[in-house]
Amino acid sequence: MQIQFENVSYTYMPGTPFEEVALENVSCTIPSGMFVTVLGKTGSGKTTALQLIKGLLKPSRGRIIYTTSTEHAYKCDKQSKQEKQQLNAIWSSIGYLFQYPEHQLFEETVERDISYGPRNLGVTEGAIKSNVLEAMEAVGLSYEQFAERSPFALSGGQMRRVAIAGVLASKPQTMILDEPMAGLDPISKTKLIDMLYQQHLANNWTTICVSHHIDEIWQHTDHFLIFNNKRIEFIGSKQQILQAWQQRQIDIEPPSIVKLALLLIDKGIIKRPLTELSNELQSSEAFARYLGGV
Amino acid sequence: MLDQILIGQYVAIDSFLHRLDPRTKLIAMFLIVVNIFIVAETYQYLIIMSLVVLVFLLSKIGFKHLYRGMRPILWFVYFTFFLHVLINKDGELLWQYGFLSVYSEGIIQGFIISFRLFVLIFFSTILTLTTAPMTLTQGIEELLKPLRRLIPVHEIALMLTISIRFIPTILRETDKLIKAQTARGGSIGQGSILKRVKHVIPLVVPLLIISFKRAEELAIAMEARGYRGSIGRTKYRQLTFNAFDQLVLLIMILMTSLTMFVLFS
């Protein structure tokens with residue numbers, strides 16, 4: 001699903017002394033089927049933008065257009081009743097993993113917590129069961145072992161996986177991940193992002209992922225979206241962001257592998273510009289192989 | 001979704017009322033409560049009405065914001081008025097329709113009682129709008145100090161402070177949880193009452209868990225910083241009465257004595 005922002009602004013608590021602009025006249029297009037990484041400082045408007053996409057907030061001005069492969073564009077401003085229904089269907093098809101999602105667990109057993117989403121969406125009982133099975137398998141929790149346990153008796157990492165399974169069980173077609181790895185240990189982080197990336201590929205998601213650690217997510221990302229001070233500072237592919245770093249156009253810190261490449265270019269060890277190295281900079285292994293040849 | 005709820009609605013601007021000592025404001029508030037329940041003459045109501053206007057102007061609070069803060073409780077005022085109008089059967093019959101009847105005394109009583117309520121709501125709203133919550137609790141603590149042999153004043157004030165401090169945190173948490181559960185299809189804004197009640201559980205359970213965890217962390221953090229109750233504790237911020245505080249208190253005491261005098265003579 002392609003998501004297009006058209007002059008979208010959002011203001012919190014308008015008309016009170018606590019009024020605060022969170023997004024200012026943002027326009028951008030998030031391409032379909034891509035793994036999009038969203039970067040930006042705290043308070044730059046990332047989370048607001050994501051919540052607007054999911055329909056949790058309504059734009060104060062402007063509109064959001066959703067384009068799916070089979071259907072037309074839906075405008076997210078004033079709409080007829082029929083359009084509203086279609087819009088609701090689109091919003092339900094978007095999975096949203098909140099920051100520290102384990103805080104939202106509430107049921108007595110893992111299985112019941114995971115089935116909360118699909119049950120709300122009106123999925124039949126039989127299908128719910130198979131969805132839960134599939135979701136638990138995807139996050140690496142064995143059904144026999146965990147289904148009947150209380151989510152509160154699990155470890156932090158396991159709780160997070162239960163919460164992720166809870167989002168997966170609704171079979172989303174688009175996925176929003178708000179710092180999915182925050183607060184985990186390094187090994188769990190790698191495992192988690194690999195697992196999520198596998199799901200991204202297997203389900204053909206358009207995935208939008210917020211992260212503060214570009215290193216963790218660099219190799220999976222197709223597209224970058226950078227927020228700065230309530231606006232979009234940069235949107236583009238890996239190739240384009242490399243170019244921006246080469247020309248020192250953006251403030252966002254590059255991943256360590258790119259920093260290393262930039263240093264090697266500066267010292268004259270690598271003779272090619274950054275933009276020609278996008279394949280070699282895909283992963284540290286590829287870069288090592290390339291350096292072996294230099 | 002919780003955008004409209006204003007608790008701890010303090011507006012950080014500078015005005016005459018903002019600069020008053022919290023103790024002055026609390027005492028004045030108390031004296032106004034005393035006054036409003038013993039006044040009887042029309043001119044006294046006019047004095048109180050002008051006091052309302054004066055305080056409103058001195059607070060520099062926007063009317064819209066004030067109204068927003070009072071609106072949830074104002075229903076109580078309307079309700080009281082209609083109750084009096086419909087139930088009081090004294091005086092002349094003014095209007096009748098079926099079992100509903102309105103008498104002149106009902107309208108007068110309705111006005112008086114709802115005016116009193118309005119004044120109470122107005123002054124308490126102004127108090128919270130012009131006094132930072134922490135300053136307010138400090139004021140309460142200082143005022144209760146003479147009772148410290150009878151009740152744990154400092155501990156009560158600390159409890160107040162902590163609850164006030166965490167209201168915005170918990171509101172933010174609730175807002176996030178509402179969104180998180182809405183994202184899973186559990187919208188509390190939709191459906192029948194039964195459905196809505198069912199969607200409260202997914203909010204309350206995580207909220208309680210988070211709050212307990214936070215309470216424990218706070219206790220550990222306070223102990224780590226050497227907190228050991230009220231004994232030997234000094235204050236970083238000292239409250240001082242200045243000339244304006246004395247003036248306000250003088251006026252309020254004079255006013256109260258006068259109403260007392262009118263009442264008993």
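In the predicted model, helix 5 (residues 125–139) and helix 7 (residues 156–168) of chain A approach each other with their axes within 9 Å, and these axes cross at roughly 135°. The crossing of the two helices is right-handed. On the side of helix 5 of chain A, the contact is formed by Ala135(A), Met136(A), Ala138(A) and Val139(A), which meet Arg161(A), Ile164(A), Ala165(A) and Leu168(A) in helix 7 of chain A. Classified by residue type, this contact of helix 5 with helix 7 of chain A contains seven nonpolar residues, no polar residues and one charged residue.

At the level of domains, chain A is assigned a domain 1 spanning 2–237 and a domain 2 spanning 255–294. The C-alpha centres of these two domains of chain A are 33 Å apart. Contact between them involves four residues of domain 1 of chain A and five residues of domain 2 of chain A. The side of domain 1 of chain A that touches domain 2 of chain A comprises two nonpolar residues, one polar residue and one charged residue.

Chain B is likewise divided into two domains, with domain 1 covering 1–151 + 238–265 and domain 2 covering 153–229. The centres of domain 1 and domain 2 of chain B, taken over C-alpha atoms, are separated by 31 Å. Here 15 residues of domain 1 of chain B are in contact with 13 residues of domain 2 of chain B. Of the residues on the side of domain 1 of chain B that touches domain 2 of chain B, ten are nonpolar, two polar and three charged.

Two helix pairs of chain B involve helix 2 (residues 22–38). With helix 6 (residues 133–144) of chain B, the axis of helix 2 of chain B comes within 8 Å and crosses at roughly 70°. Helix 2 and helix 6 of chain B are therefore roughly perpendicular to each other. The contact draws on Pro22(B), Arg23(B) and Leu26(B) of helix 2 of chain B, and on Thr135(B), Leu136(B), Gln138(B), Gly139(B), Ile140(B), Glu142(B) and Leu143(B) of helix 6 of chain B. Five of the residues in this contact of helix 2 with helix 6 of chain B are nonpolar, three are polar and two are charged.

With helix 5 (residues 104–130) of chain B, the axis of helix 2 of chain B comes within 10 Å and crosses at roughly 175°. Helix 2 and helix 5 of chain B are therefore roughly antiparallel to each other. In this pair, Lys25(B), Met29(B), Ile32(B), Val33(B), Ile36(B) and Phe37(B) of helix 2 of chain B meet Arg116(B), Val119(B), Leu120(B), Phe123(B), Ser124(B) and Leu127(B) of helix 5 of chain B. The contact of helix 2 with helix 5 of chain B has nine nonpolar residues, one polar residue and two charged residues.

Between the chains, 20 residues of chain A are in contact with 19 residues of chain B. On the side of chain A that touches chain B, the elements giving two or more residues are helix 1 (46–54) and helix 4 (116–120) of chain A. Helix 4 of chain A supplies the largest share of this side, three residues. The side of chain A that touches chain B is made up of ten nonpolar residues, nine polar residues and one charged residue.

Confidence scores accompany the model, which has an ipTM of 0.83 and a pTM of 0.75. For chain B, pLDDT averages 85, and 94% of the residues score at least 70.

Conventions: Residues numbered from 1 in each chain as written. Chains lettered and ligands numbered in written order. Predicted model: local features only at pLDDT ≥ 70, side-chain atom pairs only at ≥ 80, totals over all residues. Contact = placed C-beta atoms within 7 Å. Helix = DSSP H or I, 4+ residues; strand = E, 2+ residues; numbered from the N terminus. Nonpolar A, V, L, I, M, F, W, Y, C, P; charged D, E, K, R; others polar. pLDDT = per-residue confidence, 0-100. Axes fitted to C-alpha atoms, helices over the stretch in contact; angles between N-to-C directions. Left-handed = near helix turned anticlockwise from the far one by under 90°. Domains from an automatic or database assignment. Parallel < 35°, antiparallel > 145°, perpendicular 65-115°, else oblique.
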